[in-house]
Amino acid sequence: MPRILREKKLDLVYISVVDILEEKSVFIACCSDEEVDILMEAFPKQQVIRAFNPPPSGADGIELSGTPRVSRKKEFIPPLKKAIKKGP
């Protein structure tokens, strides 16, 4: 993830895994406290179910509990944009 941020000149990167059969999703945030803070602001009812430090990058990350959201465009992006605009 840190490499993607550098190469693409991005500030934030998130991974969302959607299980369409179960109609739920899991969000993964990596790299910075800012990314984690924004994700927790956007989805405050979600719980951290796993924290990790993936090798070899040394970047911290969290995995949030599953949500009933499946549409990135309608259900993920709006709360994330709102949290980013709100800022720290």
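Helices (H or I, at least four residues) and strands (E, at least two) are DSSP runs, numbered from the N terminus. You're looking at a predicted model, where local features need pLDDT of at least 70 and side-chain atom pairs count only at pLDDT 80 or more, while totals for chains, interfaces and linings use all residues. Residues are numbered from 1 along each chain as its sequence is written, and side-chain values use heavy atoms, with hydrogens and water left out.

**Exercise 1. Work out the order of helices and strands along the protein chain.**

Step 1. Start with the tally: the protein chain has 3 helices and 4 strands.

Step 2. Now walk along the sequence, and you get the pattern α-β-β-α-β-β-α.

**Exercise 2. Describe how helix 2 and helix 3 meet.**

Step 1. Two packed helices are described by the angle between their axes and the distance between the axes.

Step 2. Here, helix 2 covers residues 33-42 and helix 3 covers residues 72-86; their axes come within 8 Å and cross at roughly 120°. (Axes are lines fitted to C-alpha atoms, for helices over the stretch in contact, and angles run from 0 to 180 degrees between N-to-C directions.)

Step 3. That angle makes helix 2 oblique to helix 3. (Angles under 35 degrees count as roughly parallel, over 145 as roughly antiparallel, 65 to 115 as roughly perpendicular and the rest as oblique.)

Step 4. Who touches whom? Helix 2 brings Ile38, Leu39, Glu41 and Ala42, and helix 3 brings Pro79, Leu80, Ala83, Ile84 and Lys86. (Contact means heavy atoms within 4.5 Å.)

Step 5. Sort these contact residues by type: 7 are nonpolar, none is polar and 2 are charged. (Ala, Val, Leu, Ile, Met, Phe, Trp, Tyr, Cys and Pro count as nonpolar, Asp, Glu, Lys and Arg as charged, and the others, Gly among them, as polar.)

**Exercise 3. Find the residues of the largest nonpolar core.**

Step 1. A nonpolar core is a set of buried Ala, Val, Leu, Ile, Met, Phe, Trp, Tyr and Cys residues joined through side-chain atoms within 4.5 Å. Buried means under 20% relative accessible area, exposed over 50%, and partly exposed in between (1.4 Å probe, protein chains only).

Step 2. List the 8 residues of the largest core: Tyr14, Ile38, Leu39, Ala42, Phe43, Phe76, Leu80 and Ala83.

Step 3. Ask which elements give two or more residues to this core, and you land on helix 2 and helix 3.

**Exercise 4. Decide whether lysine 9 and glutamate 35 are buried or exposed.**

Step 1. Locate lysine 9: it sits in the loop between helix 1 (2-8) and strand 1 (14-19).

Step 2. Lysine 9 counts as exposed because its relative accessibility is 75%.

Step 3. Check its backbone too: phi of lysine 9 is near 55°, a positive value in a residue other than glycine. Most residues other than glycine have a negative phi.

Step 4. Glutamate 35 lies in helix 2, and its relative accessible area is 0%, so it is buried.

Step 5. Glutamate 35 and tyrosine 14 are 21 residues apart in sequence, and their C-alpha atoms are 7.9 Å apart in space.
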